[in-house]
Protein chains: 2
Amino acid sequence: MRDVYVIGAGQTPFGSFPDRSYRDLFAEAYGATRDSVDSGIETDEIDEAVVATLGVGGRQLGLSGPAVTEHVGLHNVPCSRIENACGAGGFAVRQGVQAIKSGMADVVLAGGFEVMTDLSGDVTKYWLGVSGETEWERLTGTTFSGVYAQMASAYMEKHDATKEDLSRVAVKNHGNGAKNPKAHLGFECSLEDAVSAPAVADPLNLYHCCPTSDGAAAVLLASEDVVDEYTDERVRVAGTGAASERVGLAQRDSYTEISASSEAADRAYERAGIDPDDLDFAEVHDCFAIAELIAYEDLGFCDRGEAPRLLREGVTDPDGDLPVNTSGGLKSKGHPIGATGTGQVVEAFDQLTGRAGDRQLENPRYGLTHNVGGSGGAAAVHVFENEEVAQ
Amino acid sequence: MRDVYVIGAGQTPFGSFPDRSYRDLFAEAYGATRDSVDSGIETDEIDEAVVATLGVGGRQLGLSGPAVTEHVGLHNVPCSRIENACGAGGFAVRQGVQAIKSGMADVVLAGGFEVMTDLSGDVTKYWLGVSGETEWERLTGTTFSGVYAQMASAYMEKHDATKEDLSRVAVKNHGNGAKNPKAHLGFECSLEDAVSAPAVADPLNLYHCCPTSDGAAAVLLASEDVVDEYTDERVRVAGTGAASERVGLAQRDSYTEISASSEAADRAYERAGIDPDDLDFAEVHDCFAIAELIAYEDLGFCDRGEAPRLLREGVTDPDGDLPVNTSGGLKSKGHPIGATGTGQVVEAFDQLTGRAGDRQLENPRYGLTHNVGGSGGAAAVHVFENEEVAQ
């Protein structure tokens, strides 16, 4: 089947924009995405669109896809919304890849958005809760941070991990986010700040939880047959994988692994023909600090229980062997649910095309994105490659 | 790109089941679908799943896909929810087709569900309203039937159509639904019944509006490389097309046409290499009587303004040249939003494989399904072919 390339990717700043509409944010992200295409692209050259959103706030729960694509002048194309809670964006990119590989489209827009900060705290809590399981989690009073807190407790118990281990995720990601002008919380934090912050859901404290963000992000994908019309920088979707798992934590085999992530990663590596060792960087789903630790292990960056060591030794720092979340991750860059997965691809595209500014890595070839729905009910993993570095 | 086949399709009865859960309904539809596969299929032979639902009632708004596939034992496969209001099911089938054509899957489950009758009338009205445009329709007090009533008024004015013309849709579809054991409103009605029913949103009365239904329906798709393992009856997806349009009625060029439907149909016919004249039957989206009239014209069954004549002359009756909605359609069979589009494919599969019981048509070769989101913000059209009849 034919290859698929990222020809452009862009986003709004992630942050708190309670006075902006979801359509407005989507249009800004779309504009940034169009602008990022080297040789330019007209809206009428897009064959199809996929839109990711959870629909937080219930603004336009039906036809959420066409409601934003019409606003950017993208008419008549096939357009649908995809939802997989916080993992929707990763699946939107995957659906775009399938649309192109199927031969039914040559250029596809995969975008996502969410507006959350114009809601009261209780309403936001409801909407975050819908990413958990309903009957046995949300309706029994378990908050979404409470679900990840249970995973953190289990992990700390099993692997003798500490609050310092969790806190190193915040220190690293805030350090990265401080260099990202699009980050929601673009400031540095110290280990002491992170360890001593007030509790949210024990053992997770404020610095172990990502913020509630507004924003939008989009990606333009093109087939190998047309990619050269748009750019000379060939960022290939080398492999993509996805999987699902029980939505409710209590029904899973393990609290310290997310099988959807490891299955998705295995499939992406296999399709890309690479091992985790071949990666030059990764954007992983760090909605809570524990999620980044577990991601290292699910994605094969290290053995089970070794994630704290990677952080302690700086392996995933920007100057380490495998930089993780150079964008700042969900923790610092922000987490506007439907926009998160496509936002990860924006960072991968920027890194692979030398546009990452102060965060730029040296000549990376392979980058991975990892987007999780809920506490692991679904996951999508993509591997991107700069083909010029390969040569 | 390789061909895709329907190897099985099944559904629950559509009706009022306020005491049944969405998971339970989905499982019943999945069981019926599995049972319909001639040579049988095991759950672990399914590579991927797509689930359509609007999420009415807000039961599991996040991860709605994995929430039902896990319940039928379908673990670890890529699974996502697709939403396009009432058109979600048609798009789920389309996404399944793309997944297979992309080479990334050989067998895909496309299913849909909705539970609506356990809600109070006001809550149901809210949820139906979200399929309309939010700011200019729902929040200004326009009900969803009010949107279609405006289309009906415009059509009647433009083409001198009458309440009798609208009512003939109800008479025909109830006549068909009376022969469908899965229909929600499986009783006949007379022209007098239909014309004289109480008003819902003038000029639409009770018999011009489909019911609020619960139910689930699913389709199993397979690539040409594996289809023979599952069945000898080769029901091919000959063509599929989709399009979007402005979500809000007031922003469109016409109140009497749905451009998303005509665009989607043109693409489906072109891919199938056929004209509307080649069709032997069609399941069209008759959420309101006016929608069936407009569908005839959008889908090229007749010229603009000629739909009332088709009904008057019996062209779309079961013994006419082009039977439409032999299942009973949304009007009589029912309209459980996320299940409607896949439910249409159940009827197409049954007709093309001789399983349609008292509704069976004689040896059909081509059948079409037409599924609309909202008042036309999105539409998906599929053409199915029994390849044996072709030979």
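**Close-up views of a predicted model**

**View 1. The sulfur of A:Cys79 lies 16 Å from the closest cysteine sulfur, in B:Cys86, which is too far for a bond.** Welcome to the model, which is a predicted one. A:Cys79 counts as buried, at 1% relative accessibility. A:Cys210 is in no disulfide either, and the nearest cysteine sulfur to it, that of A:Cys287, is 6.0 Å away. With a relative accessibility of 18%, A:Cys210 also counts as buried. As a reminder, a disulfide is a covalent bond joining the sulfur atoms of two cysteines.

**View 2. A:Ser80 sits in strand 3 of chain A, which spans residues 79-83.** Is this serine buried or exposed? A:Ser80 is buried, and its relative accessible area is 4%. Leaving aside residues up to four places away in sequence, A:Ser80 touches A:Ala49, A:Val50, A:Val51 and A:Gln95, along with B:Ile82, B:Glu83, B:Asn84 and B:Phe91.

**View 3. Helix 1 of chain B runs over residues 22-35.** From first C-alpha to last, its 14 residues reach 20 Å, close to the 20 Å expected at 1.5 Å a residue. Which of its residues are buried? They are B:Tyr22, B:Arg23, B:Leu25, B:Phe26, B:Ala29, B:Tyr30 and B:Thr33. These residues cover an arc of only 160° around the axis, so they lie on the same side of helix 1 of chain B. Their cover includes strand 1 (4-11), strand 2 (48-52), helix 2 (64-69), strand 4 (107-114) and strand 7 (215-223) of chain B.

**View 4. An unreviewed UniProt entry annotates residues 241-385 of chain A as "domain: Thiolase C-terminal".** Over residues 241-385, chain A is 34% helix and 16% strand. The end C-alpha atoms of this stretch are 15 Å apart.

Note on methods: Residues numbered from 1 in each chain as written. Chains lettered and ligands numbered in written order. Predicted model: local features only at pLDDT ≥ 70, side-chain atom pairs only at ≥ 80, totals over all residues. Heavy atoms only, no water. Helix = DSSP H or I, 4+ residues; strand = E, 2+ residues; numbered from the N terminus. Expected span 1.5 Å × (residues − 1). Buried < 20%, exposed > 50% of the residue type's maximum accessible area, 1.4 Å probe, protein only. Arc of directions from axis to C-beta. Contact = heavy atoms within 4.5 Å. UniProt positions renumbered as here; feature names shortened; annotations may be inferred. Disulfide = S-S within 2.5 Å.
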